[in-house]
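Hello,

Here is the structure I promised to pass on to you. Have a look at it first, and then read my notes below.

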Amino acid sequence: MAYDNPQMAQTAAALAAGKPAVYPTETVYGIGVAVGRAEAPDVLFDIKRRPHGKPVAWLVGSVDELERYGSGVPDFARAIARTFWPGPLTLIVNASEKVPPAFRSQEGTIGLRMPDNRTVLELIERVGAPLATTSANFSGCTPPQSFDEVDPELLDQVAAFLDDDEEKSGVSSTVLDCTKDHPTVVREGAITIKDIAALC
């Protein structure tokens, strides 16, 4: 199990110290930092070689985190989270005061997702904080579906890494904007518009 893996303790310790790490989700391998341990997600932009400023979604450990880090969360967003979390669905909501300004978008929003992967959920629990996460690839390259596909040059720039030996779907999470009166699909991925529409 995940907690028996020596890499787990090393990766949790690195993240708790504010350092970047690579770890699995159910979709692809991700690279991230722990919110509140790292001052900002800037190191992720530097490692990925992409312009700064693009919002980085958080991986959270429970549905309750939607209320903790979201402000004025609409009922439909709660219903969607209860239905599709854990799973490949990112919900964009207005950020609460508990979201550090450096992690918010320019519009004052935050993207949240509870992943369906026991290893990263264990990691979140051990660190005691959400993980600001993006795919573990250089900008313009294909996100890795297996640990072997993670570029060694990228791995050299993180403090720790974690492998769960499980196949990833390779299908990006669906991104849903829940900041207005009705949900808006920003990116359709593993969960379809039809799936979401049935709840709204």
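**What I found**

Cys 178 is buried, at a relative accessible area of 2% (buried means under 20%, exposed over 50% and partly exposed in between, with a 1.4 Å probe and protein chains only). Cys 141, by contrast, is partly exposed at 44%. The whole structure has zero disulfides, a disulfide being a pair of cysteine sulfur atoms within 2.5 Å.

Before you go on: this is a predicted model, where local features need pLDDT of at least 70 and side-chain atom pairs count only at pLDDT 80 or more, while totals for chains, interfaces and linings use all residues. Residues are numbered from 1 along each chain as its sequence is written, and side-chain values use heavy atoms, leaving out hydrogens and water.

Now the sheet. Two strands pair if DSSP finds at least two bridges between them.

Which residues of E5 are buried on each side? Thr 109, Gly 111 and Arg 113 are on one side, and Ile 110 and Leu 112 on the other. E5 runs parallel to E3, joined by two bridges, and Leu 59 stands opposite Arg 113. With E4 (residues 89-94), E5 pairs antiparallel over four bridges; there, Leu 91 has Leu 112 as its bridge partner.

Best wishes
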